[in-house]
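This report covers strand pairing, charged side chains and backbone angles in one protein model. The sequence and coordinates come first.

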Amino acid sequence: MSFKVVEPEKDENGVYLQVFADPENNEKNTIIGITDPSFEVSTDDYVKVTGVIQDTFEGENVFGGNVNASVVLADIAEVVDYVIAVSPAIETIEVDDGREQ
């Protein structure tokens with residue numbers, strides 16, 4: 001599944017992301033743990049993740065609002081572009097032909 005990254009955090013053990021599976025509506029809040037501390041990701045990137053739900057997180061955001069999120073431990077994570085994350089093609093065809101007019 002693909003997610004939009006809110007703000008990554010890092011330490012010597014890995015990278016931790018708060019993401020939204022529904023970025024258009026800021027819904028389906030999820031926390032993702034990636035056990036590779038060298039994984040490069042930035043705010044507003046999109047990531048494609050394969051992993052296992054480990055737990056749930058309940059807490060408070062900086063505005064005092066409640067935060068409830070699934071916690072996923074990623075087996076595979078990669079930064080992808082918007083088109084791949086939000087609107088992937090059903091089929092692509094490479095046309096190796098040109099026309100001159």
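Accessible areas come from the Shrake-Rupley method with a 1.4 Å probe, and for residues only the protein chains shown count as cover. The model is predicted, so local features need pLDDT of at least 70 and side-chain atom pairs count only at pLDDT 80 or more, while totals for chains, interfaces and linings use all residues. Residues are numbered from 1 along each chain as its sequence is written, and side-chain values use heavy atoms, with hydrogens and water left out.

## Strand pairing

Strands (E, at least two residues) and helices (H or I, at least four residues) are DSSP runs numbered from the N terminus. Two strands pair if DSSP finds at least two bridges between them. The pairings are set out below.

| Strands | Sense | Bridges | A residue pair |
|---|---|---|---|
| Strand 2 and strand 3 | antiparallel | three | Asp11 and Gly14 |
| Strand 3 and strand 4 | antiparallel | seven | Phe20 and Asn29 |
| Strand 4 and strand 6 | parallel | four | Ile32 and Val72 |
| Strand 5 and strand 6 | antiparallel | 14 | Phe57 and Ala69 |

Strand 2 covers residues 9–11, and a hairpin of two residues leads from strand 2 into strand 3. Four residues lie between strand 3 and strand 4 in their hairpin, where Asn26 has a positive phi near 50 degrees.

Ile32 links two of these pairings. Within strand 4, Ile32 is the bridge partner of Leu17, and Ile32 also stands opposite Val72 in strand 6.

Strand 5 runs over residues 46–60 and strand 6 over residues 66–80. Their hairpin has five residues between the strands, and Gly64 takes a positive phi near 90 degrees there. Gln54 belongs to strand 5 and is partly exposed because its relative accessibility is 49%.

## Charged side chains

A salt bridge is a side-chain nitrogen of Lys or Arg within 4 Å of a carboxyl oxygen of Asp or Glu. Side chains of opposite charge can pair when their charged atoms come close. How many salt bridges does the structure hold? There are two.

One joins Glu40 and Lys10, at 3.6 Å from N to O. Glu40 sits in the loop between strand 4 and strand 5 and Lys10 in strand 2, so this contact ties together parts that are 30 residues apart in sequence. Glu40 counts as exposed because its relative accessibility is 58%, while Lys10, at 43%, is partly exposed.

The other pairs Asp97 with Arg99, whose closest N and O atoms are 3.4 Å apart. Asp97 and Arg99 are both exposed.

A surface patch of negative charge is formed by Glu7, Glu9, Asp11 and Glu12. Patches take residues with over 30% relative accessible area and no salt bridge, joining like charges within 9 Å and nonpolar side chains (Val, Leu, Ile, Met, Phe, Trp, Tyr) within 5 Å. Lys and Arg count as positive and Asp and Glu as negative, without His and the chain ends. Each charge is placed at NZ of Lys, CZ of Arg, CG of Asp or CD of Glu. Asp11, a member of the patch, is found in strand 2 and is partly exposed at 32% relative accessibility.

Most residues other than glycine have a negative phi, and most peptide bonds are trans. Lys28 has a positive phi near 65 degrees. Lys28 is placed in strand 4 and counts as exposed at 57% relative accessibility. Asp44 has a positive phi near 75 degrees. Asp44 lies in the loop between strand 4 and strand 5 and is partly exposed because its relative accessibility is 47%.

Where is Glu94 placed? Glu94 is in the segment after helix 1 (82–86). Glu94 is exposed, with a relative accessible area of 75%. From Glu94 to Val62 the C-alpha distance is 48 Å, and the two are 32 residues apart in sequence.

Definitions and conventions: Buried < 20%, exposed > 50% of the residue type's maximum accessible area, 1.4 Å probe, protein only.
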